[in-house]
Amino acid sequence: VDDLDALFDQVDAVYVASPIAAHHDQAIRAIEAGRHVLVEKTMGASADEVHAILASARGNDVVAMEAMRAVHTPVHRLIREALPRLGTLRHARIDKLQYSSRYDAFRRGEVANAFDPGLGNSAIADIGVYCLQPALDWFGRPRAVTGGSVWLANGFEAGGSMTLAQDGFVAGLSWSKIAQGVAPCAIHGEDGALSFDDPADLTYVRWHPRNGEIETLWEQAPASPAASMHHEVNAFADQVEAGALDEHWAQVSVLSRTLMDAHLAR
């Protein structure tokens, strides 16, 4: 087919994987056609767009879910379930810094989609979300947020950092599309710490008791992102089967985009 309405006539659900600037209109059209939608992260180009997609899904008795692959994996849940071992949480550091394969072209003067701000794209929406959404799920809504970003000459937000402050606990997040990270991530409590690598594609999680031997809780060989995509699809299918949105993940989607909007406006 070469028409969205003709496509909707042929399917039960739609995966919206277009540039972020197109997510809202395409998702709303699918929802109004009575189709469930799995919308690639970040769900919308603003919090208002995310609210509108979710509200339309509720009003049309279909499911809309953000395809945030990492938070639906078993290892993400493993970290969440291990947090009580740390005692009172005090500090966290969650980084996702990668040198984009398209950045060399940008440095030569060629602007690909990955660095085009006109597409609703930004490093925080493309990369920072892998730090932000796990932090919101693990630690909850922050009471205060500060941070800043690195901007390229064409107005593209290419990297940045954000500090989420809770009572007695601070989480620092960093992301980039123009620099390669080398340091591990960690969550520190009074009784120990967890260390792990890439929050988007974890290969290990280690428990570091304040007194005692380090224990590996999770370890696997590096795999392609496609190898873990079935977890988000299963979560989406579970919501479709239940006939309702999972409100926890809906609120994480709204809050993460709200924090992105405030950060980009600084």
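This is a predicted model: local features need pLDDT of at least 70, side-chain atom pairs count only at pLDDT 80 or more; totals for chains, interfaces and linings use all residues.
Local features required pLDDT of at least 70 and side-chain atom pairs pLDDT 80 or more, whereas totals for chains, interfaces and linings use all residues. Residues are numbered from 1 along each chain as its sequence is written, and side-chain values use heavy atoms, with hydrogens and water left out.

Helix α2 has 13 residues and spans 19 Å from its first C-alpha to its last. The expected value is 18 Å at 1.5 Å a residue, taken as 1.5 Å times one less than the number of residues. Helices are DSSP runs of H or I, at least four residues, and strands are runs of E, at least two, numbered from the N terminus. Glycine 34 follows α2 and has a positive phi near 85°.

The axes of α2 (residues 20–32) and α3 (residues 47–59) come within 9 Å and cross at roughly 5°. Axes are lines fitted to C-alpha atoms, for helices over the stretch in contact, with angles from 0 to 180 degrees between N-to-C directions. The two helices are therefore roughly parallel (angles under 35 degrees). On the α2 side, His23, His24, Ala27, Ile28, Ile31 and Glu32 meet Glu49, Ala52, Ile53, Ser56 and Ala57 of α3 (heavy atoms within 4.5 Å).

Isoleucine 31 lies in α2. Its relative accessibility is 0%, so isoleucine 31 counts as buried (under 20% relative accessible area, 1.4 Å probe, protein chains only). Beyond four places in sequence, isoleucine 31 touches Val37, Ile53, Ser56, Ala57, Asn60, Val62 and Ala64. Isoleucine 31 and arginine 58 are 27 residues apart in sequence and 9.5 Å apart, C-alpha to C-alpha.

Technical notes:
Angles under 35 degrees count as roughly parallel, over 145 as roughly antiparallel, 65 to 115 as roughly perpendicular and the rest as oblique. Buried means under 20% relative accessible area, exposed over 50%, partly exposed in between (1.4 Å probe, protein chains only).
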